[in-house]
Amino acid sequence: MRPSPARPPVWVRRALLAALAALLALYATVQGVVRLPAVDRWLRERIGAELRARLGTEVTVAPGVAIDPLFRATFGPVTLPGASPREPLVRIERIAARPSLLGLLRGRLEPASIALSGVRVSVGPRGRALRALLERRQRPGTAEPAPPAAPRPRPSARSALPSVHVRGLVVVLPLERGQVELGPVDAELGGARDAAGASFTLALRLPGGGTGQVTAQTTADDRWRAHVRLGHLSPALLPPALRAGPATLSDGAVALELDAESDEGFSHVEARLRASGERLFASGERVGDEPLGPFRLGAEGTVTWDAAERRVAFRDGVLSLGADLRVGVTAEARLGSGVPFTASLHADRADWTAFVEALPPGLAPPPEAPRARGTFDAHLDVSGPLLAPAAWTLGAGLDLTRMREASRKGEPVALRRPFPYQPVNGEGERGRAFEIGPRTPTFVPIADLPEHVIRAVTTSEDGGFFGHPGFDFAELADAFARGAEEGRVVRGGSTITQQLAKNLYLSREKTLARKIREAAITVALEATVPKARLLEIYLNLVEWGPGVYGIGAAAQHWFGKDARALTAKEAAFLASIIPNPIRYHGMRARGSPSDAWEQRVEDILHKMTEQGALSDEDLLRALSEPIVFREG
């Protein structure tokens, strides 16, 4: 038989029991001490001083620091002052800190992990509260002084940094009316440090199933490098106030990737950005009856920040629609009064067919519209104070030269020949169909019309018709500025070709979808149909009264004469009622226009004279001529 192991001597067992009893007594004594009010006050002061030293601002820690049996400290709420006492910059409902066991054995109180719950950040109106905190950090001495912590030497061996867990982070951004809350977001932060620097890893869980991963490293000279990847970002990430607008993203997923580098102090930051969106849908009362999509969008470029000049820039940028259409982008903004900015978008030798195929069905031109081909150039330049859109300067251009050349080499489109047209009235009902061609008795070829008839219509409706590519960008910029100043959408800038696109192929609904389709059809019309033919079609289908379509029918209806015999003043009157011929038709019962309407007609005549369409003698003759409507 094996001998039984010898038992420790009695005095050894008694010593161990005594040591254990002493430890338990010490533990009980420490647990009792940390619950004393004086210790609670000392802990709150120590925590507040440490936070003030690190953040450079006043910090308020609520009474009551709880220490559990494992010496984990829980306290809160903790607040940082903000724009108003009712809305602090930061409020943390609860902070729980677990001490490092190795640190305790070494006699130091060091956190191994920190958990923050119910974090709310409110940047204040125009971000004033956040800017004030950053400025205080840059100006030492503005916060309540705290004992400076001794600089810690970088460890030669790699050591873990305290892990930080955040639950329910909400960021509050002010808007012109009310505010928007982003979140809640959960985050896990971990890191390590050695002589070469430190590394950090941040994992994010976002609303709607979105995820994020951020990795960052610092070097020995305090430079930063970071990589950010966000995926599965859905419209659920947007706050309800933004999802319920007249036009908003309603479905799809967005991914974002960012590689950034910064010098010490973040005085210069440069980042390469890549973003993509798959199966995106837009909806809202201004979009249309049905959600628009799916879209496939992409963006990439380099973002730089210069702290000395307070300038952020986006260069070498590319926006993509679908797989083939790419638009170059550059932009720059400076932080200051009004936030002055410039932005430029340009598409060079963009393929029209690729552009149309990249559009979702709800935005594509209808099958009966002309099919254009070839490539085009386009650009848009915007500058001004970002916070004052009414003061923006807009410049744009569109070159359809190559598309027109490709059209001339191809088969002529149907609009170059006589074709049937069925008008739609203001209630969306189809009227009697008729042919835009010689078989209609009231059809008038443009070559048979007096020059003053043609110029009266273009002067009133589209002064630059023969020079622009379907869009009057100067008029559009003016309409945008007036709308921004008045805080509403202002009508204006619709050219003859745009009106033709709407009358031939679209309904009269006032939605973003219809305007985009109208723009696409306008380009196709300008590229495939000569200007003179476009104007001939317009003059022979535009409405001039209830059931009165075309210049031939209008001349008979209003003046009882052939359109070829219209005087300059009669032509100017007909041009003046094109915007709303049904509403203005009441004048016909009186037999002549009102004095106020006479002034409108005279304004058109004066503009025609300024443009050289009338001589001074023609103007005097027209001004003295009475306007008399046909009886009955």
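Analyst: Buried means under 20% relative accessible area, exposed means over 50%, and partly exposed lies in between (1.4 Å probe, protein chains only). Helices (H or I, at least four residues) and strands (E, at least two) are DSSP runs, numbered from the N terminus. This is a predicted model, in which local features need pLDDT of at least 70 and side-chain atom pairs count only at pLDDT 80 or more, while totals for chains, interfaces and linings use all residues. Residues are numbered from 1 along each chain as its sequence is written, and side-chain values use heavy atoms, with hydrogens and water left out.

User: How many helices and strands does the protein have?

Analyst: The protein has 18 helices and 23 strands. Of its 632 residues, 39% are buried.

User: Take helix H10: how many of its residues are buried?

Analyst: Nine of the 10 residues in H10 (residues 496-505) are buried, so the helix is mostly covered. Among them are Ile 496, Leu 500, Leu 504 and Tyr 505.

User: What do those buried residues pack against?

Analyst: They pack against strand E20 (419-421) and against helices H8 (451-461), H11 (512-528) and H12 (531-539). Contact here means heavy atoms within 4.5 Å.

User: On to Thr 218. Is Thr 218 buried or exposed?

Analyst: Thr 218 counts as buried because its relative accessibility is 14%. The residue belongs to strand E10 (residues 211-218). Leaving aside neighbours within four places in sequence, Thr 218 contacts Ala 196, Gly 197, Ala 198, Phe 200, Arg 223 and Trp 224.

User: Which residues form a nonpolar patch on the surface?

Analyst: Leu 380, Leu 394 and Phe 480 form one, with about 210 Å² of accessible area together. Patch residues have over 30% relative accessible area and no salt bridge; like charges are joined within 9 Å and nonpolar side chains (Val, Leu, Ile, Met, Phe, Trp, Tyr) within 5 Å. A salt bridge is a side-chain nitrogen of Lys or Arg within 4 Å of a carboxyl oxygen of Asp or Glu. Areas come from the Shrake-Rupley method with a 1.4 Å probe, and for residues only the protein chains shown count as cover.

User: Where is Leu 380?

Analyst: Leu 380 is in strand E18 (residues 375-385). At 33% relative accessibility, Leu 380 counts as partly exposed.

User: Lastly, which ring has the charged end of Lys 531 over it?

Analyst: That is the ring of Phe 465, whose centre is 4.5 Å from the charged end of Lys 531. The rule requires NZ of Lys or CZ of Arg within 6 Å of the ring centre and within 35 degrees of the ring normal.
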